[in-house]
Each structure stands twice: as structure tokens, then as C-alpha cells.
Amino acid sequence: MMITYHCFWLLFWVGQPHQSFSTPLSKRTRGFPEKEKVLELSGNNRKEFNRFKRSWMWNQFFLLEEYTGSDYQYVGKLHSDQDRGDGSLKYILSGDGAGDLFIINENTGDIQATKRLDREVKPVYILRAQAINRRTGRPVEPESEFIIKIHDINDNEPMFTKDVYNASVPEMSDVGTFVVQVTATDADDPTYGNSAKVVYSILQGQPYFSVESESGIIKTALLNMDRENREQYQVVIQAKDMGGQMGGLSGTTTVNITLTDVNDNPPRFPQSTYQFKTPESAPPESPIGRIKANDADVGENAKIEYSITEGDGSDMFGVITDKETQEGVITVKKALDFEKKRLYILKVEATNTHVDPRFLYLGPFKDSTTVRILVEDVDEPPVFSRPAYILEVKEDVPINSIIGTVTAQDPDVAKNPVKYSVDRHTDMDRVFNINSGNGSIFTSKPLDRETLLWHNITVIAAEINNPKQSSRAPVFIKVLDVNDNAPEFAMFYETFVCENAKAEQLIQTLSAVDKDDSFIGHQFSFSLAPEATSGSNFTIQDNRDNTAGIFTRKNRYNRHEMSTYLLPVVISDSDYPVQSSTETVTIRVCACDHRGKMQSCNAEALIHPTGLSTGALIAILLCIIILLVTVVLFAALRRQRKKEPLIISKEDIRDNIVSYNDEGGGEEDTQAFDIGTLRNPEAIEDNKLRRDIVPEALFMPRRTPVVRDNTDVRDFINQRLKENDTDPTAPPYDSLATYAYEGNGSVAESLSSLESVTTDGDQDYDYLSDWGPRFKKLADMYGSVDSDKDS
């Protein structure tokens with residue numbers, strides 16, 4: 001690299017001081033123009049300096065960037081006309097980078113750059129220079145400002161904004177279709193030379209794509225590029241500065257271009273004929289097979305719709321499109337019958353749902369194929385002649401009478417025989433039965449329309465050879481009415497007649513009902529029973545509207561002579577056969593006032609028809625009293641069974657047996673609590689049973705040696721302790737044994753009644769009176785007992 005040194009001499013013309021400034025002269029140095037600048041006295045200086053006339057002025061230096069020499073890079077020289085070379089002047093440099101990046105020889109004024117400079121980092125440096133007197137330190141020249149410009153060199157290659165570009169373009173596009181634009185930038189100075197002038201070119205990707213040299217726009221360069229043949233392309237673009245000339249720097253980037261799909265391929269079936277088999281028992285909407293037309297396109301352009309265009313089974317079968325797999329699913333629309341038709345031929349068409357008009361010239365975007373469907377025979381259950389049967393039967397039909405017939409046949413070619421049966425879950429009472437051979441339904445029990453009008457049963461028809469093949473049919477049986485029920489009163493009639501009643505007076509109106517049906521309406525007739533016709537005190541008048549009235553036949557009635565009349569009434573219907581019944585009306589004779597209002601009667605129920613009689617109230621009251629007495633007695637017995645206190649009162653100091661109700665460790669634990677130690681040891685040895693508890697024959701107390709009469713309490717305890725230590729049945733843990741043994745030293749001996757049970761004879765309690773006043777009550781009580789015994 002050629003380094004050009006610029007040497008600038010600052011010459012001062014020494015003359016008389018004056019207040020005006022001189023006009024600077026311009027100068028060219030090594031081809032770089034110098035800009036003219038007038039250095040004036042700074043208005044900010046408080047102390048005014050005298051100016052001398054200069055021969056020429058300078059204001060800027062030029063310096064090349066990226067200096068690679070080993071020495072400091074020479075920038076220029078400052079010199080004052082007042083510098084006489086005796087070292088009396090000193091040059092000072094200040095401003096951007098002064099003292100660090102730029103240094104000056106204070107004696108000679110030479111300026112040097114100490115570091116490598118980069119224009120792209122900082123293109124211009126502004127500095128200030130001044131000459132001062134060494135001795136006085138006062139400036140001999142005003143401070144002057146100058147500029148150091150960094151000249152650019154081509155040291156930066158073009159850089160793309162992205163390392164990798166991704167772009168797409170539709171397939172089958174015309175030549176020159178825009179794909180993407182790439183951009184590269186150069187950090188060099190665009191105003192100086194061609195260092196930043198970038199030119200684009202394609203290194204890889206021809207002949208499919210091209211790039212505009214100035215704009216970086218990539219376009220298609222080949223006609224009818226097909227995605228189905230090749231989808232991905234990788235293009236390498238170069239950006240070179242210096243206008244693409246030799247020696248220019250360059251950079252590259254990669255552009256990944258994808259051809260997007262367009263609908264330029266019609267669907268095509270890989271087979272001209274498809275064949276499927278399906279059993280005749282296939283239910284509607286069930287799939288029987290799948291077909292698929294291939295489409296080289298993808299996405300929306302590959303979506304296909306299937307349809308049946310013609311064929312003898314278009315009404316029996318359908319086709320739906322599986323949106324996930326783009327397959328056509330053949331389905332059953334109606335029930336198939338092998339015996340009627342065994343082969344169906346369909347024509348199925350596949351069509352693109354999204355067609356691009358630009359590519360219609362490539363042909364129709366649809367295809368068709370033939371589908372053959374074979375129906376297979378299966379063993380089907382019998383089929384009834386009707387889906388449901390309705391039968392009618394009169395309720396008076398005799399048992400085992402045939403009321404109707406159901407028929408079912410095997411639809412298969414074999415025509416297997418069928419047997420019939422009644423589903424007993426629908427005929428729990430077994431009212432009906434069926435002939436298993438011919439399907440005749442007959443009664444097995446009497447029918448009653450008034451009890452049940454409809455009978456709904458289910459008949460099962462099954463193949464004899466394969467009973468699993470069966471079918472069902474509902475049979476609705478309606479029971480028809482016959483006149484088998486006699487009419488009867490609509491309610492129970494109990495009326496009264498006043499003692500002062502007059503003849504031909506209406507005392508009651510009767511009405512009747514009939515359980516049977518009548519198509520023309522019921523017609524009832526009322527009359528007195530033949531046995532009551534003569535001598536009756538009442539008459540019946542039929543109103544011919546299914547009602548009748550009871551009238552008196554005489555004047556005045558006496559309740560003391562006859563308090564109640566029973567009037568038999570015959571009710572007949574008009575149907576065939578005629579049914580009649582005899583109902584009884586109870587008529588009581590009562591005392592009435594002059595207006596005919598009843599006042600008293602033998603039957604209190606007539607006075608208060610909705611209340612209770614006095615006798616009934618008394619009976620209810622007695623029952624309540626008896627119930628209360630029973631509850632009180634029961635409660636008293638329960639209280640007596642409860643635990644009684646040890647001493648009932650202060651006056652009663654007799655011995656009492658205290659029951660602790662301790663059950664121990666369960667029914668099997670017979671040694672949890674042994675009260676045998678509370679008894680007299682001598683009594684235990686005699687194996688005498690207690691009289692206050694039920695003896696247990698299976699439990700025998702453990703044998704212990706007899707304690708002698710002269711054994712005191714200490715010897716007794718030691719002996720019991722030794723027995724427990726040597727007893728193998730004793731528990732392995734520490735336990736507390738309570739014996740309640742008083743010893744034989746007491747004068748009164750034991751007062752417990754537990755010991756008295758072992759005494760066969762009566763005891764003498766006269767000695768209690770000798771014990772003092774404290775035992776007086778006890779002596780009187782036991783002494784009186786003895787006197788009672790004697791008496």
C-alpha cells in the first residue's frame with residue numbers, strides 16, 4: 001500500500017500588529033484539495049492577543065485507514081513563523097484522540113497516529129493546535145482548529161441481511177414470476193469510489209431462477225416447473241462490491257425456494273374394478289369396503305368427493321368420503337336379501353372439490369371406477385308374517401279354545417322348520433299357550449274382561465335345527481265383553497222412615513251399576529223380590545232411567561213394634577243373557593218432627609252417620625286403658641330386674657347379695673374371674689354347690705389344699721403365692737389376686753352370707769344381742785326370724 005505523507009507548514013508573517021484578519025490562501029497537497037479557512041481570534045478569550053499577518057493557512061489533513069506499517073503513521077507538521085528553531089516555542093495538540101490516538105512533537109510540531117484507524121468506526125477527527133512560549137507559557141498564536149479525515153479503502157465485503165432466505169412460488173408459474181428479494185449492505189463509504197457499490201449474481205440455481213444484478217430480485221427462469229417432479233430448490237446468490245469489478249469483495253447467501261402446489265393433477269383410480277363381499281345381515285350404515293383415487297396434489301387441491309353415478313344398487317348402497325384418508329367408504333343403505341338379489345354393480349366417481357380454471361386444459365378433474373358387491377347368505381332367524389298381531393276373544397270362551405294363529409318362515413334357501421313358544425316373562429300367569437308346530441294360540445285359563453282387558457304376550461319363533469336363530473313378535477289380545485255380571489246397587493243403601501210418615505211418601509232413590517259394557521247403554525229395571533211382594537209395607541217404583549224410588553205403603557209406623565225393615569230389591573239388565581241380582585235396603589223406623597226431620601232412632605249410626613256410636617267409644621276407651629295398664633306393668637317388671645342397691649334403706653341391714661355382672665373375657669374364658677376364693681376354703685374342698693347361682697357342670701374349680709383352721713392370714717397368703725408360682729396354668733404376666741380371707745382369729749368369724757349358704761342347718765343369732773347397741777337392729781331382725789320359724 002502506498003502511503004502518502006502530507007506535510008503542511010504553518011508560516012506566520014511577522015509584522016506590525018493590527019486589528020484586522022488576513023485572508024488565507026488555498027493550497028493543494030498531493031492531489032487532495034485544501035479547503036480555505038480563516039482563523040480568527042476567539043471571542044471567548046478575555047485577554048486579547050495581537051495577530052500577525054500569515055502567508056497561508058491550513059485547516060485539514062487526510063489519512064488512509066487500516067494502516068499496517070510497524071511505525072507510527074505520519075499525519076502532518078505544524079509550524080509557526082515565530083519559531084526560530086531555538087526551542088523557545090512549544091506546540092500543543094488537543095481535541096479528538098489527542099495524546100492517545102494522535103501525538104505531536106512539541107518541539108518540531110510533527111503529528112503522528114499511534115493506532116490503526118477505521119473509517120467505519122469514526123470518519124472524522126476534530127483537533128485544536130496552539131504554539132506557546134516555553135518560558136512564559138503564553139500563547140504566541142491563537143488556538144487553531146483543524147480536521148483529520150480518514151480516507152476509505154475497500155476493506156468491507158457486502159453482508160446480506162439474512163444468512164438464509166426461505167421463499168416459495170407456485171408451481172407451473174410463468175417465466176419472470178417474482179420469488180423473493182435479497183438485500184446486501186457494504187460498510188464502506190458510498191460517496192468515495194465504488195467500494196460500496198454492490199452487484200448481485202446467481203452462483204447456484206440456474207436455469208430455474210435468475211436474479212436482477214442491481215435490485216437483488218429473484219425470479220423464475222424456467223417455464224412449467226412441476227412440484228410433483230421437484231419441490232425444493234436451493235439457490236446461492238452472490239453480492240460483490242466495486243461494481244462487480246476484479247478485486248472487489250463479495251458475500252453470499254442461500255435461498256431455499258419451495259414450489260407450492262396448485263391443482264394441476266386430476267384424481268385417478270389405480271383399479272378399473274373393485275369387488276367386495278358383504279353378508280345379507282349387514283345392518284344399514286355399516287361399511288363394506290373402501291376405494292381410493294390417487295391425486296398427486298396435496299392439501300385442498302387433493303380433496304376428493306365420491307359419488308355413485310349409476311348402477312343397479314344405487315338405492316341399496318351409498319358412498320361417503322373419509323376426510324382424513326380421502327377414501328370412499330361404501331356403505332349399506334337398506335337391508336339386503338340374498339334370496340332376492342346376490343350381485344350389485346355400481347359406478348363410483350371421484351371428483352376434485354377445488355378445481356383451478358387455469359389447468360382445465362389438462363383434462364377433466366374426475367375419474368370413475370366399477371364396484372361389484374356380492375351378497376353372502378347367512379343363517380337368518382325366522383320372519384313373522386306380520387310385525388305385530390292383534391287378536392280378539394270373548395271372555396266366556398272355554399279353556400283350550402283357539403283364539404288366533406301366528407306364522408313365521410325361515411327366509412333361507414334351506415327353509416328350516418320353525419317351532420313356536422310363548423315368552424313366559426310376558427305371560428306369568430300362563431293364561432295362554434301356543435301350538436309349537438302350527439303357531440295356534442289357545443287359552444289355558446278362564447278370562448275375565450273386568451279383571452284385565454288386554455293381554456300383551458310375545459311369541460318366539462325359532463329354527464328347530466338351530467334354536468339360536470329366533471325372532472319375536474308381539475301379540476295383543478283384547479278380551480271382549482259378554483253379559484256375565486249382574487247389576488248391583490251403586491252404593492250401600494241404609495235409610496229411615498218416620499213414624500208419622502204418610503202413604504205414598506218417597507223415602508229413598510236407588511241407582512245401579514253394571515261391570516259389563518253395553519254398546520247401546522245400560523237399561524236397568526227395579527222390582528220387589530217375589531217373597532216381599534205380598535204384605536210389604538213399602539213399594540218400588542221404576543223411574544225408567546236406571547233409578548227407582550222406595551215409597552211407603554201405609555200411614556204411620558211404630559218403631560217399638562218394628563224398628564228395622566229389610567227390603568229385598570231385584571235389579572235386572574236388558575242385555576243377553578239377562579242378568580239380575582237381589583239387593584237389600586235397610587230401613588229403620590225413627591222419630592221425626594213435624595217437618596220430617598229425624599230426631600231419634602234405634603240405630604245411632606243414623607243420627608251420626610259419619611261418627612261413632614257411644615258403645616264404640618266406650619270400647620275404644622277400655623282398650624286404651626288396658627293398653628296403658630299393660631305398659632305400666634311391663635315397666636315395673638323391668639325396673640325390678642335392674643340392679644338393686646347394696647342396702648335399700650338404713651332400716652334394712654340384712655345381708656344382701658351384690659351382683660357385679662362381670663362377664664369376664666368371653667364365653668370361652670372360664671378362669672377370667674374366679675369367685676371361689678371368696679368362699680370358705682373348707683367349703684370349696686367339699687365341692688358343695690352354691691344355691692344363689694346356676695351350677696356349671698362343665699366347670700370344676702382348681703383343687704387347692706385345705707387351709708387348716710389355725711392358719712393365719714400370713715401363712716394363707718404365702719401358701720397362695722407359692723401355688724401361683726408353681727401353677728403352669730397361671731398367666732405369664734403380673735396379676736392381682738384378691739382372696740378376701742379374714743382368717744380364723746375373729747370372734748364373730750365371718751359375717752358374709754356367702755359362707756352361710758354352705759351351712760345345712762339353721763344358725764343361732766342370739767349372740768348378736770351381746771355385741772352392743774350397734775348390732776341391736778341386726779339381733780332384732782334375725783331373732784325375729786327365728787321366732788317366726790318357731791311359730
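**Note on salt bridges, strand pairing and a nonpolar patch**

1. Glutamate 106 and arginine 134 meet through their side chains in a salt bridge at 3.9 Å, N to O, where a salt bridge is a side-chain nitrogen of Lys or Arg within 4 Å of a carboxyl oxygen of Asp or Glu. Glutamate 106 lies in the loop between β6 (102-104) and β7 (110-113) and arginine 134 in the loop between β8 (124-133) and β9 (144-151), so the pair ties together parts that are 28 residues apart in sequence. Strands here (E, at least two residues) and helices (H or I, at least four residues) are DSSP runs, numbered from the N terminus. Glutamate 106 is partly exposed at a relative accessible area of 33%, and arginine 134 is also counted as partly exposed, at 34% relative accessibility; buried means under 20% relative accessible area, exposed over 50%, and partly exposed in between (1.4 Å probe, protein chains only).

2. The model is a predicted one, in which local features need pLDDT of at least 70 and side-chain atom pairs count only at pLDDT 80 or more, whereas totals for chains, interfaces and linings use all residues. Residues are numbered from 1 along each chain as its sequence is written, and side-chain values use heavy atoms, with hydrogens and water left out.

3. By the salt-bridge rule the count comes to 25 salt bridges. One of them joins the side chains of arginine 559 and glutamate 499 at 3.7 Å, N to O. This pair links distant parts of the chain, with arginine 559 in the loop between β40 (547-552) and β41 (564-572) and glutamate 499 in the loop between β36 (494-498) and β37 (506-513), 60 residues apart. Both arginine 559 and glutamate 499 are buried. Elsewhere, salt bridges that share partners join Arg227, Glu228, Glu231 and Asp261 into one network.

4. A salt bridge of 2.8 Å, N to O, brings together the side chains of lysine 219 and glutamate 212. Lysine 219 is partly exposed at a relative accessible area of 26%, and glutamate 212 counts as partly exposed at 32% relative accessibility.

5. Strand β23 (residues 327-332) is mostly covered, since five of its six residues are buried. It is joined by four bridges to strand β20 (residues 287-291), the two running antiparallel, and isoleucine 291 has glycine 328 in β23 as its bridge partner. Strand β22 (residues 317-322) also pairs with β23 in the antiparallel sense, over six bridges, with isoleucine 320 standing opposite valine 329 in β23. The hairpin of β22 and β23 has four residues between the strands, and within this hairpin glutamine 326 takes a positive phi near 55°.

6. Strand β41 is largely enclosed by the rest of the structure, because seven of its nine residues are buried. Strand β38 (residues 525-528) pairs with β41 in the antiparallel sense over four bridges, among them one in which serine 525 has serine 572 in β41 as its partner. Nine bridges join β41 to strand β42 (residues 580-592), again in an antiparallel arrangement, and tyrosine 565 stands opposite isoleucine 587 in β42.

7. Asparagine 352 has its place in strand β24 (residues 343-352) and is buried, with a relative accessible area of 4%. Its side chain is joined to that of aspartate 295 by a polar contact of 2.9 Å, the term covering a pair of N or O atoms within 3.5 Å of which, within protein, one must be able to donate a hydrogen and the other to accept it, while residues adjacent in sequence count only if both atoms are side-chain atoms.

8. Ile618, Leu621, Leu622, Ile625, Val629 and Leu633 make a nonpolar surface patch of about 570 Å². Patches are made of residues with over 30% relative accessible area and no salt bridge, like charges being joined within 9 Å and nonpolar side chains (Val, Leu, Ile, Met, Phe, Trp, Tyr) within 5 Å; accessible areas come from the Shrake-Rupley method with a 1.4 Å probe, and for residues only the protein chains shown count as cover. Isoleucine 625 lies in helix α3 (residues 614-641) and counts as partly exposed at 44% relative accessibility.

Conventions. Two strands pair if DSSP finds at least two bridges between them.
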